[in-house]
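Morning, everyone. Here is the structure for today, and I will keep this short.

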Amino acid sequence: MRSPDVQQLGMFSYVSVEDRVPTDHPIRKLRVLVDTILGELDGLLGERYAEGGRPSIPPERILRASLLQVVYSVRSERLLMEQMNYNLLFR
């Protein structure tokens, strides 16, 4: 069962993540490109998952995280998860 790719923008912050990242930062252009590509792959990804069962981590999130790991040269998945906790660019 494929979970929806829902993003929480501002749970406990009065200033959104969008406001904290500069508008001309390269990660914004990369995000637009990646979102476009993942949007095109949505149908294909949806076909790969069963209708029932336990919800999974959305494959879009896994692919985005893997891309961040490569772009920012994070050497392990454990360090990537640590970076996601406190690096606003990763959100």
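Start with the largest nonpolar core. It has eight residues: Val-17, Val-21, Ile-27, Ala-65, Leu-68, Val-74, Leu-80 and Phe-90. By nonpolar core I mean a set of buried Ala, Val, Leu, Ile, Met, Phe, Trp, Tyr and Cys residues joined through side-chain atoms within 4.5 Å. Buried means under 20% relative accessible area, exposed means over 50%, and partly exposed is in between, with a 1.4 Å probe and protein chains only.

A word on provenance. This is a predicted model: local features need pLDDT of at least 70, side-chain atom pairs count only at pLDDT 80 or more, and totals for chains, interfaces and linings use all residues. Residues are numbered from 1 along each chain as its sequence is written, and side-chain values use heavy atoms, with hydrogens and water left out.

What does Val-74 contact, leaving aside neighbours within four places in sequence? Gln-69, Leu-79, Leu-80 and Phe-90. Contact here is heavy atoms within 4.5 Å.

Now the charges. How many salt bridges does a search of the whole structure find? Three. The criterion is a side-chain nitrogen of Lys or Arg within 4 Å of a carboxyl oxygen of Asp or Glu.

Take Arg-28 and Glu-18. Their closest N and O atoms are 2.8 Å apart. Arg-28 sits in helix H2 (residues 26-47) and Glu-18 in helix H1 (residues 17-20), so this bridge ties together parts 10 residues apart in sequence. Helices are DSSP runs of H or I, at least four residues, numbered from the N terminus. Arg-28 is partly exposed at 22% relative accessible area. Glu-18 is partly exposed too, at 43%.

Next, Arg-31 and Asp-35. That salt bridge is 3.5 Å, N to O. Both residues lie in helix H2, four residues apart, about one turn of the helix. Arg-31 is partly exposed at 29%, and Asp-35 is partly exposed at 29%.

Asp-35 has another partner. Arg-64 meets Asp-35 in a salt bridge at 2.9 Å, N to O. This pair links distant parts of the chain: Arg-64 is in helix H3 (residues 59-71), Asp-35 is in helix H2, and they are 29 residues apart. Is Arg-64 buried or exposed? Buried, at 19% relative accessibility. Through shared partners, Arg-31, Asp-35 and Arg-64 form one salt-bridge network.

How values were computed
Helices (H or I, at least four residues) and strands (E, at least two) are DSSP runs, numbered from the N terminus.
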